[in-house]
Amino acid sequence: MAKEKNPTISEEWRKGADLLRSAEVEEANANSELLLLHVLGIGKAELLRDLREPFPEGKRELWERALERKAAGEPAQYIIGEQFFYGRPFRVTPDVLIPRPETELLAEAVLAQAAGWSEAEGGGPLIVLDVGTGSGALAVTLAAERQDWGVLASDLSPAALGVARGNASLNGVEERITFFEGDLLAPFQCSAERPEGIAVDILVSNPPYIRSSDMPGLQREVRDYEPHLALDGGEDGLDPYRRMAAQLGKLPRLPRLVAWEMGAGQADDAAKLLRAVADWREIRYVKDYAGIDRHVIAVGD
Ligand code: GLN
């Protein structure tokens with residue numbers, strides 16, 4: 001009897017897609033392709049070239065394990081361990097939120113608003129702070145895009161800070177970012193420990209903003225796998241904004257620019273919190289790809 005031929009790469013791709021589809025995974029075909037590229041360690045062009053080649057049996061265990069995880073609902077980015085943000089690679093683990101494309105618009109808004117800014121009040125480099133840095137997506141992007149800025153990043157989670165540090169070195173900006181473990185703006189406030197505080201010119205943050213009561217209704221990929229610390233914003237989802245607004249008054253001076261990401265329907269509330277702490281020259285909203293007011297930008301003098 002003729003020996004059964006090994007399945008081709010193309011057959012495995014299709015089998016993967018069928019398996020994911022039957023597990024009700026969205027975009028089954030794209031996910032099968034993504035995992036296959038990762039397992040084989042090749043790019044799309046090589047995949048298309050090698051479709052009729054036999055699937056390398058040495059990779060089978062890895063391939064089946066990756067499909068199993070995806071079929072159970074795990075985000076592909078955690079399986080692969082990587083997500084691109086603003087054109088750069090970021091390692092992601094379940095300790096950090098997977099950076100989202102709409103957050104790239106927040107980085108872009110900051111870069112556009114501050115395009116002509118190079119010096120802090122009274123001279124010296126401009127200091128930008130990323131609060132709740134998670135994977136480090138915003139801090140690393142801003143450090144890489146603006147070599148003349150000083151960058152600070154904070155997070156409550158030591159595990160997230162470890163991931164963010166790794167991403168800073170992956171992108172060659174580890175020397176340019178100072179990391180702080182702490183709650184929102186706490187490490188920068190004037191306190192008994194640090195009476196002079198740490199002055200910040202630009203404050204950027206994508207804090208948790210999901211209402212606690214909405215957490216159970218999130219997509220399973222998010223709810224069952226991403227860190228709740230990065231998602232749950234308390235009863236009305238606005239806790240982190242309320243607390244940051246209160247902390248703003250205890251910084252050595254008000255930032256010239258505050259840029260926050262928010263959830264749907266939260267823009268007016270977030271703007272109100274900012275108006276209560278300072279007179280801003282301008283407060284505006286930036287819409288995401290779905291047309292939702294996703295970011296609030298407050299510019300001072
Ligand atoms: N700053 C990170 C990001 O934008 C993490 C945000 C978060 O964990 N809430 O992806």
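**Close-up views of a predicted model**

**View 1. The shell around the ligand holds seven nonpolar residues, six polar ones and no charged ones.** This is a predicted model, so treat each view as a computed picture. The ligand has 13 residues around it, and those that come nearest are Leu-97, Pro-99, Gly-134, Asn-206 and Ala-230.

**View 2. Seven strands line up in an open sheet with mixed pairing.** Follow the order β5-β4-β3-β6-β7-β9-β8 from one end to the other. Which strands stand at the edges? They are β5 (177-181) and β8 (282-287), and because each has a single partner strand, one side of each is left without a neighbour in the sheet. From one strand to the next, the twist averages 15 degrees.

**View 3. Helix α8 (residues 158-170) packs on the sheet.** Here α8 touches β4 (150-155) and β5, and its direction makes about 175 degrees with that of β5.

**View 4. Strands β8 and β9 (residues 293-299) pair in the antiparallel sense.** Six bridges join the two strands. To find your way, look for Tyr-285, whose bridge partner in β9 is Val-296. Helix α11 (residues 267-277) lies across β7 (257-261), β8 and β9, and runs at about 15 degrees to β9.

**View 5. The loop between α1 (9-22) and α2 (28-40) includes Glu-24.** Most residues other than glycine have a negative phi. Glu-24, however, has a positive phi, near 60 degrees. In the loop between α1 and α2 you will also find Glu-27, with a positive phi of about 50 degrees.

Definitions and conventions. Residues are numbered from 1 along each chain as its sequence is written. This is a predicted model: local features need pLDDT of at least 70, side-chain atom pairs count only at pLDDT 80 or more; totals for chains, interfaces and linings use all residues. A residue is near a molecule or strand if its C-beta atom, placed from the backbone, lies within 6 Å of it. Ala, Val, Leu, Ile, Met, Phe, Trp, Tyr, Cys and Pro count as nonpolar, Asp, Glu, Lys and Arg as charged, and the others, Gly among them, as polar. Two strands pair if DSSP finds at least two bridges between them. Helices (H or I, at least four residues) and strands (E, at least two) are DSSP runs, numbered from the N terminus. Axes are lines fitted to C-alpha atoms, for helices over the stretch in contact, and angles run from 0 to 180 degrees between N-to-C directions. Two residues are in contact if their C-beta atoms, placed from the backbone, lie within 7 Å.
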